[in-house]
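Trainee: I would like to learn how to read the features of a protein model. Can we take them one at a time?

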Amino acid sequence: MSWGDAFPIALATIACFFLPGMVIALLAGVRGLGVAALAPALSLGIAGVGAVVLSVLGLRWSLASYLGFATAVALALSILVSRKAAGRFFAAEPEARALSIRGSRGVLAARSSRALPSILAPVGGVVAAGLISLGPLQEGMGRVDLPALTWDSIHHHSAIRYITDLGDGSSLNLGGVASNNDAARFYPGAWHDLVSLTVGSFPISASINVAALTMACLIWPLSVAYLARIAFPTLVWMPLLAPIVATGFVAFPARMISYGTIWPAAMGTAIVPALIALVLVITAPGTRPSARFRLALLLLVGLAGATLCHPTATVAVAYLCLPFIVVRYYGVLRQCLRRRRRLTAGALIAVPLFVSALAAVVVMTVPAVRTVFFFRTTPVGPATDAVGAAIFDTMLAPLGHGNTEPFWLGGVLAIAGLITTLVSREYRWISAGWIITVVLYVVAAGEETMLRPLVGLWYSDPVRVGGLVPLFTSLLASYAVLKAIVVLLGWIPFPSRVKEEMVVASSLVVLIGVMAAVYPMTDELRADEKSGRLAADYWEHLEWDGGIASLDELEFIERLAEELPDDAVVLGDPTSGAALVYSLAGKDTVFRTMAGTWEDDAKYLARNFNHIDSDPRVCQLIERFGVTHFYDDDHRYLPDIIHRKDMGGLTAAGVDPADLDLVDSSGDGAKIFAIEACGQ
């Protein structure tokens with residue numbers, strides 16, 4: 001399948017991730033860049049909540065039901081934000097005309113939100129960032145329909161097939177994919193819900209890869225550009241530069257969509273900047289209550305989308321909003337004390353303390369929660385090494401899936417931006433956010449300390465936590481560049497009458513010149529590093545002896561869609577190519593994911609299938625699970641992993657040849673047999 005063949009998938013992906021959210025944003029009064037930047041988070045919220053509601057109502061998850069639920073949400077929002085409804089909560093007030101966030105009042109300010117530079121900046125930044133990212137990521141994937149051959153990839157492929165098969169995308173039920181009895185279990189499914197709508201007759205792997213590229217080349221740059229616009233309202237070219245700088249990192253999105261193949265978590269990370277920007281607007285002193293009410297509704301939908309896409313996205317928003325929320329909170333508290341509103345001030349003090357204490361008690365006393373927060377992993381290396389790795393984007397360098405070539409320019413500029421914010425006393429919350437992300441990565445990658453619970457919700461995984469660092473690194477680096485341009489142009493005696501316009505235009509010329517010089521010097525913003533990271537878990541994995549499947553085996557699995565009957569149920573070791581039969585061939589399997597909550601009977605069958613001639617219980621279980629075919633493959637992915645302890649009997653070795661009828665085979669040893677034993 002060529003990339004050109006995937007054009008319909010790309011259109012469907014953009015439509016599903018953007019259109020419903022854009023309608024909701026427009027109804028809430030958002031205009032300009034925010035409409036597109038917030039749309040993915042809002043669409044995820046509509047899809048995630050909608051799938052749950054539709055499941056409860058007994059309605060099938062489909063494009064029609066998704067659009068129907070989105071329409072219902074739009075109508076409800078229209079009622080809530082109408083003047084009449086809003087008037088019940090607030091006195092009628094005019095909209096906020098400007099976002100009042102303390103920042104530079106330098107010469108790069110746009111006179112109004114309708115100024116031409118304020119339109120060109122985000123459009124140019126997003127388009128350039130998308131084009132810079134697209135080529136290397138496509139090259140790393142190889143072919144649009146090649147699946148990433150990793151542990152998490154299998155789970156997400158199977159989850160999407162599960163949704164398309166059952167017509168149920170509810171996050172309350174999606175965990176059933178990793179069971180033998182479809183037992184309802186929570187698993188965040190908003191991302192899977194939207195991707196499932198783009199599959200149609202195409203391979204699931206193609207829909208996943210297109211969704212990953214859409215996130216990396218469109219959603220992420222839009223989100224960064226929006227935060228740059230809102231956080232730096234007086235620096236008109238920030239939305240141009242920040243998304244471009246953000247493409248230079250391997251930690252995100254390249255590593256999260258390859259080694260991790262944690263596509264939902266990557267999507268959650270991509271929408272974090274937009275949600276932070278929305279919180280900034282809501283809490284800005286210049287935002288009127290009526291606008292704040294509407295935007296707060298949007299935030300609820302967006303946070304629902306973040307949570308049902310991957311809960312760590314919501315946690316990230318909370319962590320990274322903390323610096324400016326604390327500043328705003330302190331200001332409100334001081335104002336209450338000054339005006340002698342003691343009851344309000346007492347509540348402002350007591351509520352956070354109570355919530356913090358309650359959270360600490362829950363974490364320490366509830367076993368399930370404690371297990372998550374104190375999730376143990378093997379340290380990558382010393383904490384001192386992790387600091388440099390976070391700043392210069394050489395994360396996980398000691399490991400095979402790390403990268404050793406530093407992003408010197410990005411790191412040095414970020415440090416310069418940090419120093420500038422501290423000296424000039426502006427945008428210091430950006431520096432605080434950067435420090436938080438670096439500390440979180442160090443806690444996850446370094447030796448275990450008492451701070452480990454801070455990253456427990458990310459499974460203490462440095463890949464997941466590390467994906468947050470590029471956001472504030474790119475903002476600080478861009479800020480340093482623009483401040484330097486301000487100083488440089490300040491020496492030029494422009495006529496006062498046209499000084500602002502001349503400086504804005506001149507700054508763009510200088511900025512383009514700088515980017516044109518830096519781009520080739522940084523290996524096209526580290527194109528080889530990014531493509532190599534994806535290739536390692538896409539087409540290079542096909543050549544790995546210990547990989548899940550070879551290219552020949554993938555083609556063999558695809559043939560099974562036609563060769564096996566519709567009601568076929570395949571038994572095979574889920575740490576082999578058998579794990580892909582369910583998602584790529586569309587045939588049910590006993591084990592749909594590499595690990596799961598398997599019944600004792602299923603584990604017994606997996607341990608003893610090769611005793612089919614001598615153990616009557618094996619035949620009983622084959623009949624119970626409806627097994628019709630057996631997938632035999634001597635190659636195993638992570639053969640010594642503990643999850644294989646119950647899979648030792650899933651081999652044709654020692655089974656009477658008369659009990660198995662060969663249907664097809666790959667060129668490297670994988671075979672599919674029809675089971676002839678047990679009276680079948």
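Trainee: Is Arg334 buried, partly exposed or exposed?

Mentor: Keep in mind that this is a predicted model. The general idea is a scale with cut-offs: buried means under 20% relative accessible area, exposed means over 50%, and partly exposed is in between. Arg334 has 43% relative accessibility, so it counts as partly exposed. Arg334 lies in helix H13, residues 311–338.

Trainee: Which residues form the positive surface patch?

Mentor: Arg334, Arg338, Arg339 and Arg341 form it.

Trainee: Which residues gather in the patch of negative charge on the surface?

Mentor: Glu139, Glu405, Asp523, Glu524 and Asp528 do. Helix H22, residues 523–535, supplies the largest share, three residues. Asp528 has its place in that helix, H22.

Trainee: How many salt bridges does the structure hold?

Mentor: To read one, look for a side-chain nitrogen of Lys or Arg within 4 Å of a carboxyl oxygen of Asp or Glu. The structure holds 14 salt bridges. One of them joins the side chains of Arg143 and Asp145, at 2.8 Å from N to O. Arg143 is partly exposed, with a relative accessible area of 27%, whereas Asp145 is buried, at 7%.

Trainee: With which residue does Asp393 form a salt bridge?

Mentor: Asp393 forms a salt bridge with Arg526, and the closest N and O atoms are 2.4 Å apart. This pair links distant parts of the chain, 133 residues apart: Asp393 is in the loop between helix H16 (383–391) and helix H17 (408–424), while Arg526 is in helix H22.

Trainee: Are Asp393 and Arg526 buried or exposed?

Mentor: Apply the cut-off again. Asp393 has a relative accessible area of 1%, so it is buried. Arg526 has 4%, so it is buried.

Trainee: How far apart are Asp600 and Lys603 in helix H25?

Mentor: Asp600 and Lys603 are three residues apart in helix H25 (residues 600–608), so about one helical turn separates them. Asp600 is exposed, with a relative accessible area of 57%, and Lys603 is partly exposed, at 22%. They form a salt bridge in which the closest N and O atoms are 3.7 Å apart.

Trainee: Which residues do salt bridges with shared partners join into one network?

Mentor: Glu599, Asp601, Arg617 and Arg624 are joined in this way.

Trainee: Now the strands. Which way do the residues of strand E1 point?

Mentor: In a strand, check which residues point to each side. In E1, residues 569–572, Val569 and Leu571 point one way, and Val570 and Gly572 point the other way. All four are buried.

Trainee: In which sense does E1 pair with strand E2 and with strand E3?

Mentor: E1 and E2 (residues 588–589) pair in the parallel sense over two bridges. E1 and E3 (residues 629–632) pair in the parallel sense over three bridges.

Trainee: What should I look for in the backbone?

Mentor: Most residues other than glycine have a negative phi, and most peptide bonds are trans. Look for cases that depart from that.

Trainee: Is the peptide bond from Phe252 to Pro253 cis or trans?

Mentor: That bond is cis, with omega near 0°. Pro253 has its place in helix H10, residues 250–254.

Trainee: What is the phi of Tyr459, and what is the phi of Ser460?

Mentor: Tyr459 has a positive phi of about 60° although it is not a glycine. Ser460 has a positive phi of about 50°, and it is not a glycine either. Tyr459 is in the loop between helix H18 (428–445) and helix H19 (462–466), and Ser460 is in the loop between H18 and H19.

Trainee: Are Tyr459 and Ser460 buried, partly exposed or exposed?

Mentor: Tyr459 is partly exposed, with a relative accessible area of 39%. Ser460 has 0% relative accessibility, so it counts as buried.

Technical notes: Residues are numbered from 1 along each chain as its sequence is written. This is a predicted model: local features need pLDDT of at least 70, side-chain atom pairs count only at pLDDT 80 or more; totals for chains, interfaces and linings use all residues. Side-chain values use heavy atoms; hydrogens and water are left out. Patches are made of residues with over 30% relative accessible area and no salt bridge: like charges are joined within 9 Å, nonpolar side chains (Val, Leu, Ile, Met, Phe, Trp, Tyr) within 5 Å. Accessible areas come from the Shrake-Rupley method with a 1.4 Å probe; for residues, only the protein chains shown count as cover. Lys and Arg count as positive and Asp and Glu as negative; His and the chain ends are not counted. The place of a charge is taken as NZ of Lys, CZ of Arg, CG of Asp or CD of Glu. Buried means under 20% relative accessible area, exposed over 50%, partly exposed in between (1.4 Å probe, protein chains only). Two strands pair if DSSP finds at least two bridges between them.
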